[in-house]
Amino acid sequence: MSSKPSTAFATILYSIVCGAVAALIGTILHAQILYVGDFPITWGAVVSLVAAGMLFTYVGLKSGRIWGAALTGIVTYVLVAWSAMDPNNRFIVPTEYINNFPGPAVAGAIWMYGVAVATFVALFVTARKLKKESAVAAGANA
């Protein structure tokens, strides 16, 4: 994955677009819940986080810049948090409604706070892969 965008500006633009897409799709998908009796299985939130983390990692590896993965995660988190703070929000149920809507409130919390975790995991994976590619490139040039 060594084809890098030509400039830092391209990485910034790519990160912003991918972060917005992750926020939009993840916010829609996170609300998919399967109930087993009264117990909610928030599979949509988990799938959203895995997909977002994979996208953050992809951006970092594609750009060859770890900060590309970080910026994508930050954009996603800011947009998700901004959506959750909107009092007219109908997408992310706040945890204060956990007694009334336990499944959606848990899914919202998993999605919102999980984006930060997915970002850190993506940074770790990206840094490791870029370091390995750098070592291979240095070995090939020696």
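The secondary structure of the predicted protein consists of 4 helices and 2 strands. In sequence order these elements follow the pattern α-β-β-α-α-α. Along the principal axes, the C-alpha atoms occupy a box of roughly 65 × 30 × 15 Å. The mean pLDDT of the protein is 91, and 95% of the residues reach a score of at least 70. Among the elements, helix α2, spanning residues 43–63, has the highest mean pLDDT, at 97. The lowest mean value, 92, belongs to helix α4, which covers residues 102–141.

The packing of two helices was examined next. Two packed helices are described by the angle between their axes and by the distance between those axes. For α2 and helix α3 (residues 66–85), the axes come within 7 Å and cross at roughly 145 degrees. The crossing of α2 and α3 is right-handed. On the α2 side, the contact is formed by Phe56, Val59, Gly60 and Ser63. The residues of α3 that they meet are Gly68, Ala69, Thr72, Gly73 and Thr76. Classified by residue type, the contact of α2 with α3 comprises 3 nonpolar and 6 polar residues, with no charged residues.

Pockets were then considered. Rolling a probe the size of a water molecule over the atoms shows where empty space is left. The largest pocket has a volume of about 190 Å³. Its lining is made up of Ala84, Met85, Asp86, Pro87, Asn89, Arg90, Ile92, Val93, Pro94, Glu96, Tyr97 and Phe101. By class, 8 of the residues lining the largest pocket are nonpolar, 1 is polar and 3 are charged.

Two elements, α1 (8–29) and α3, each give two or more residues to the lining of the second largest pocket. The largest share, 5 residues, is contributed by α1. The lining of the second largest pocket contains 7 nonpolar and 2 polar residues, and no charged residues.

Conventions: Residues are numbered from 1 along each chain as its sequence is written. This is a predicted model: local features need pLDDT of at least 70, side-chain atom pairs count only at pLDDT 80 or more; totals for chains, interfaces and linings use all residues. Side-chain values use heavy atoms; hydrogens and water are left out. pLDDT is the predictor's confidence in each residue, from 0 to 100. Axes are lines fitted to C-alpha atoms, for helices over the stretch in contact, and angles run from 0 to 180 degrees between N-to-C directions. A crossing is left-handed if the near helix is turned anticlockwise from the far one by less than a right angle, and right-handed if clockwise. Contact means heavy atoms within 4.5 Å. Ala, Val, Leu, Ile, Met, Phe, Trp, Tyr, Cys and Pro count as nonpolar, Asp, Glu, Lys and Arg as charged, and the others, Gly among them, as polar. On a 1 Å grid over the protein atoms alone, a cavity is a set of points where a 1.4 Å probe fits but cannot get out, and a pocket is an open set with protein on both sides within 12 Å along at least five of seven lines; lining residues have an atom within 4 Å of a point. Grid points are joined across faces, edges and corners, and a volume is the space filled by probe spheres set on the points.
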